[in-house]
Amino acid sequence: MLNPRQRFGQDSESAAVAFLEKMGYEIVARNYRTRAGEIDIIATEGEKLVFVEVKARHTERYGHPKWAITPAKRRRISMAALYYLKATRQMNRSARFDVLTIQKGQGG
């Protein structure tokens with residue numbers, strides 16, 4: 001059973017997937033884990049491979065969610081993406097990194 005924090009994270013990632021699909025992305029993988037780190041969502045937009053990091057916050061008490069993407073976190077995501085590209089033999093594929101932020105409204 002998930003605790004409230006885990007549930008919020010899972011619900012936020014599901015909302016991100018729904019948003020991306022609505023925008024025409026095709027979801028390839030969720031929570032792709034490697035020794036180097038994790039990628040929340042891997043999707044395609046046309047011919048481009050997109051690695052998506054989802055950051056969600058209940059409030060801005062600790063700042064906007066985008067500020068949680070530190071240089072160290074960017075390195076881990078990059079390394080995990082490299083693992084994925086090698087494992088799926090897509091090293092020559094065009095790819096990009098996106099950050100999708102979610103903030104829970106004040107109403108609940």
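This is a guided tour of the chain, one selection at a time.

The model is predicted, so local features need pLDDT of at least 70 and side-chain atom pairs count only at pLDDT 80 or more, while totals for chains, interfaces and linings use all residues. Residues are numbered from 1 along each chain as its sequence is written, and side-chain values use heavy atoms, with hydrogens and water left out.

**The whole chain**

Show the chain as a cartoon. There are 2 helices and 4 strands; these are DSSP runs, numbered from the N terminus, with helices being H or I of at least four residues and strands being E of at least two. Along the sequence they follow the pattern α-β-β-β-α-β. Of the 108 residues, 33% are buried (buried means under 20% relative accessible area, exposed over 50%, and partly exposed in between, with a 1.4 Å probe and protein chains only).

**The sheet**

Select the 4 strands together. They form an open sheet in the order S1-S2-S3-S4, with mixed pairing. S1 (26-33) and S4 stand at the edges with a single partner strand each, so one side of each has no neighbour in the sheet. From one strand to the next, the twist averages 30°. In general, strands of a sheet pair through backbone hydrogen bonds, either parallel or antiparallel. Two strands count as paired if DSSP finds at least two bridges between them.

**S1 and S2**

Now keep S1 and S2 (residues 38-45) in view. This pair is antiparallel, over 6 bridges. Click on Ala 29: its bridge partner in S2 is Ile 42.

**S2 and S3**

Move on to the next pair. S2 and S3 also run antiparallel, joined by 5 bridges. Glu 45 stands opposite Lys 48 in S3. The two strands form a hairpin with 2 residues between them, and Gly 46 in the turn has a positive phi of about 65°. Colour S3 by burial: 8 of its 10 residues are buried.

**S3 and S4**

Which sense does the pairing of S3 and S4 take, parallel or antiparallel? It is parallel, over 9 bridges. Select Leu 49 to find its bridge partner in S4, Ala 95.

Next, select Gln 103, which is in S4 (residues 95-103). Gln 103 counts as partly exposed because its relative accessibility is 35%.

**The helices**

Select H1 (residues 4-22). This helix lies across S1, S2, S3 (48-57) and S4, and runs at about 155° to S1. Axes are lines fitted to C-alpha atoms, for helices over the stretch in contact, and angles run from 0 to 180 degrees between N-to-C directions. Contact means heavy atoms within 4.5 Å. Then select H2 (residues 71-87), which lies across S1, S2, S3 and S4 at about 145° to S3.

Stay on H2 and pick Met 79, which lies in this helix. Met 79 counts as partly exposed because its relative accessibility is 40%.

**Contacts along the chain**

Among contacts between residues at least 6 apart in sequence, 58% join residues at least 24 apart.
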